[in-house]
Amino acid sequence: MQLDAKIPDGAIADKWTNYKFERKLVNPANRRKYDVIVVGTGLAGGAAAATLGEQGYNVKAFTFHDSARRAHSIAAQGGINAAKNYKGDGDSIYRLFYDTVKGGDFRAREANVYRLAEESVNIIDQATAQGVPFAREYGGLLDNRSFGGAQVSRTFYARGQTGQQLLLGVYQQLSRQIGLGNVALYNRSELVDIVVVDGRAAGIVVRDLVTGQVTSHSAHAVVLATGGYSNAFFLSTNAMACNVTAAWRAHRKGAAFANPCYTQIHPTSIPQSDDFQSKLTLMSESLRNDGRIWCPKSPDETRPPDQIPEADRDYYLERRYPSFGNLAPRDIASRAAKIEVDAGKGVGPLKNGVYLDFSDAIARLGRDTIEERYGNLFEMYERITDESPYDVPMRIYPAVHYTMGGLWVDYELMTTVPGLYAAGEANFSDHGANRLGASALMQGLSDGYFVLPNTISNYLAPLLGTKPVPTDHAEFQVAEAAATARFAGYLAIGGTRSPDAFHQQLGKIMWDYCGMERTKEGLEKALSEIPALHEEFRKDLRVTGSGEATNQTLEKAGRVDDFFELAQVMCLDALTREESCGGHFRAEHQTEEGEAERDDAHFAHVAAWEWTGDPANPTRHTEPLEFENVHLQVRSYK
Amino acid sequence: MKELNLTLKIWRQDGPDSNGSFDTIAAPGINDEMSFLEMLDLVNERLINEGKDAVVFDHDCREGICGTCSLMINGQAHGPQKGTATCQLHMRKFSDGDEIVIEPWRAAAFPIIKDLMVDRAAFDRIVESGGYITAETGGAPDANIIPIPKPVADAAMDAAACIGCGACVAACPNSAANLFTSAKVAHLNLLPQGQAERHARVEAMVDTMEEFFGSCTNHGECQEACPKEISIDFIALMNRDYLAAKFKNRRTLSRK
Ligand SMILES: Cc1cc2nc3c(=O)[nH]c(=O)nc-3n(C[C@H](O)[C@H](O)[C@H](O)COP(=O)(O)OP(=O)(O)OC[C@H]3O[C@@H](n4cnc5c(N)ncnc54)[C@H](O)[C@@H]3O)c2cc1C
Ligand code: SF4
Ligand code: FES
């Protein structure tokens, strides 16, 4: 397998401009002769489908949701970064580029990151033109705030609902194209396989979630924008239906899967309250701008928080990272919380959290200001926990939140399968080993609005005059039959345990051994337990109901099956990456102060895994990373 | 933590064209820290263990933002807690021994797919007819070129907060979709960027709405049920714009 990143020549600041000039174009009148399939209608897929539709291509968009407006992007709270420098505090495209490469712990491709920083400014213009109601100052200009890991104010936001508003912007643009007939939307349709003919992506096989019917769709190119795989851990901040199936099925058809072990643990989620918990709720990181994080100094502390005097509190982030304090990047803040809780200093009924305290901010700024900034988040917290953060400090704990790994893509966002693209959280591209806050929305929209619509013509142009492979081609028939058999198979097992029961067990293995801290021993244990549990799944699964009507238990079975295979490559990737970097912390590789220790001499590369037919033995390939602009250095937030 | 023993009466229906009926399911041993949907997860887990079909219900984010969840709980859309979507409702709002009746949204424009899941595609049709600002990708001017007074941006945001759940329709005795439609109309019609298409937009959206939904007779039930507390003042704004659209000479759109 060849990993050619196809990075354009030239100085970092010229690469994207050069690329856009040199790539092949498709003349506007010819675009309607091309069919493009876009799977996923979140920020990345929705933006790509709408823009390709506007440009004149025939687009077919697919989502398992009932409407494009439900994609998980809707849940993003905090904001979106852009190098607008509206605050005049020294921001620039170069600075955003620099911060992102450094924040990613030097494990991202420089050229991609620079392009992302360049396009960031266009996203804000585009979204504003669409009517996204970003927060404004009294003078009517756009407001910004600073967000975890950045020392400038570059984050645009719409109350605590930035993802919702950006996604509604995308949804509206997409709806317009649907109304105009340029995009056909297939809702409640789940991709269950990818079809490759003569080495090129030819189309997809989907299962209608209402009727259970399996059908094929072909096109000149296929784009996957199907989100991240945090739900491999069962409990995460992702929505219930988020899954890896689309990316995993592509992987099984030849698309390399890059850096699967890079998972982001978000420091501020509400701690788990019982065994029935179905998901974890994030409390936006923006809260760390005004909240102070602490835990009691003594593990034996029993007093309620307001009665613990200052002298008995440990503001451990402020103590350990004086210059960034409570705004230390996510991986650092998460691990620090784990250290305190593991030392028995956790708070709350299960001693599984730390405090995020607003009393100083309320005293300094007044309750009204805090309410204006965080009112809806405080309300959400109270609804879940029955405690008011105005009176009692919040309790928070890290939770799996985002996956930096994903399908390997080159500079054009093409996977190792020609004609198959991946965008948004589904690809591995821009965040290296750790994503900075407010950068995922930016990347999804940059990929969807600005990158893909520019790169896809380079592949399509030479295909002028060709027709998509017909769906009665043998490869489609084989894939359809296999998918039908797979779902019938789950129903036929007739065992004793539900898909959720297995998912929960898998998630526990992943959290224990492939979570915030990983060790060789633990990962090896996981690698022996996961295949065994998968085997039990194959023998003892119970799916009730039928395959010919809506059956959420059956949907879940397919998704969990794919998580089992993904989980193995996540652990293998974590095991072979003998260093600590960003969201990947190997206990064996840390400094004396307990900070992550990178090994640039051996691991300054992307690891991309190739499917071999055996989930326990994929082949590891590497793409070396070169840092010509931001020089390799130890990341320090002290 | 308290333990609740409940009796659920859940609507079961095989498909859009079949007849449905209530199924009575005992739900003992419910931890009151659970969310309402976690309670249903547990009930489903028990049903699967007994070899029975799980109850189908729509849900996804479980944090009150995606608008997917949709249940009539004891006759109230999204249940008893004000400004709260079903997924954010917790069992501590219920008491031991309660009987809870759980039904799907009921409206002709929202056909039942299975059990508690309905098809809300009519909402998408309304947005497709005009719920956008035409601004194709590329060529947008700098975002700070048009300053927007904060109160205007805030009002647009209040309207844009709608999650498209359909509780307003379910709660309305006429199954009208005026609150949903007016929220989108107001979001865009309040903003300077939305002015060029203001009249065409409201006309197209209202006309499409009327193809699917009943007429509003100002009951105000929608606002009570809305998990985002969208105000019925937006309906008045939509009506005003709709009336104006009927008389406006579009060639004079650039004049006040
Ligand atoms: C709680 C939370 C808060 C966040 N806050 C922020 C923030 O403040 N700032 C920030 O920058 N980022 C934030 N993020 C991250 C960010 O929201 C996501 O990374 C981003 O929105 C992902 O967008 P996407 O388009 O790649 O995928 P998604 O929005 O997840 O969309 C995936 C799409 O693919 C479809 N799909 C998936 N699989 C299939 C299949 N097999 N068949 C058919 N369709 C399929 C789905 O239906 C959906 O339409 C947050 C994430 C979470 C979980
Ligand atoms: S107006 Fe309220 S009730 Fe109606 S769809 Fe929007 S959020 Fe739901
Ligand atoms: S599940 Fe998303 S709003 Fe309730």
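How many aromatic pairs does the count come to over all chains? The count comes to 34, where rings of Phe, Tyr and Trp (its six-membered ring) pair if their centres lie within 6.5 Å, and planes under 30 degrees apart count as stacked, over 60 as edge-to-face and the rest as tilted. One such pair is A:F502 with A:F537, which is edge-to-face, at 5.3 Å centre to centre and 80° between the planes. This pair links distant parts of the chain: A:F502 belongs to helix 13 (residues 499-514) of chain A and A:F537 to helix 14 (residues 520-540) of chain A, 35 residues apart.

Before we go on, a word on what you are looking at. This is a predicted model, in which local features need pLDDT of at least 70, side-chain atom pairs count only at pLDDT 80 or more, and totals for chains, interfaces and linings use all residues. Residues are numbered from 1 along each chain as its sequence is written, chains are lettered from A and ligands numbered from 1 in the order in which they are written, and side-chain values use heavy atoms, with hydrogens and water left out. Helices (H or I, at least four residues) and strands (E, at least two) are DSSP runs, numbered from the N terminus.

Back to the two phenylalanines: A:F502 and A:F537 are both buried. Buried means under 20% relative accessible area, exposed over 50%, and partly exposed in between (1.4 Å probe, protein chains only). Together with A:F487, A:Y490 and A:F564, they form one aromatic cluster. Elsewhere in chain A, a ring meets a charge: the charged end of A:R435 sits over the ring of A:Y402, 4.1 Å from its centre. For this, NZ of Lys or CZ of Arg must be within 6 Å of the ring centre and within 35 degrees of the ring normal.

Now turn to chain B, with its 8 helices and 7 strands. Its C-alpha atoms fill a box of roughly 65 × 40 × 35 Å, taken along the principal axes. Of the 256 residues in chain B, 57% are buried. Among contacts (heavy atoms within 4.5 Å) in chain B with a separation of 6 or more, 70% come from residues 24 or more positions apart.

Helix 3 (residues 150-160) of chain B has buried residues B:K150, B:A153, B:A156, B:M157, B:A159 and B:A160. What covers them comes from both chains, including helix 5 (162-180) and helix 10 (367-385) of chain A, along with helix 5 (178-190) and helix 8 (233-247) of chain B.

Next, find B:F22 in strand 2 (residues 21-31) of chain B. The charged end of B:K9 sits over the ring of B:F22, 5.6 Å from its centre. Leaving aside residues up to four places away in sequence, B:F22 touches B:K9, B:I10, B:W11, B:V101, B:I102, B:E103 and B:R106. B:F22 counts as partly exposed because its relative accessibility is 36%. Its C-alpha atom is separated by 9.8 Å from that of B:D115, 93 residues apart along the chain.

That brings us to backbone angles. Most residues other than glycine have a negative phi. B:D115 has a positive phi of about 45°, and it is found in the loop between strand 6 (112-114) and strand 7 (117-118) of chain B. In chain A, A:D198 also has a positive phi, near 50°, and lies in the loop between strand 6 (189-197) and strand 7 (200-208) of chain A. Are these two residues buried or exposed? B:D115 counts as buried because its relative accessibility is 2%, whereas A:D198 is exposed, with a relative accessible area of 76%.
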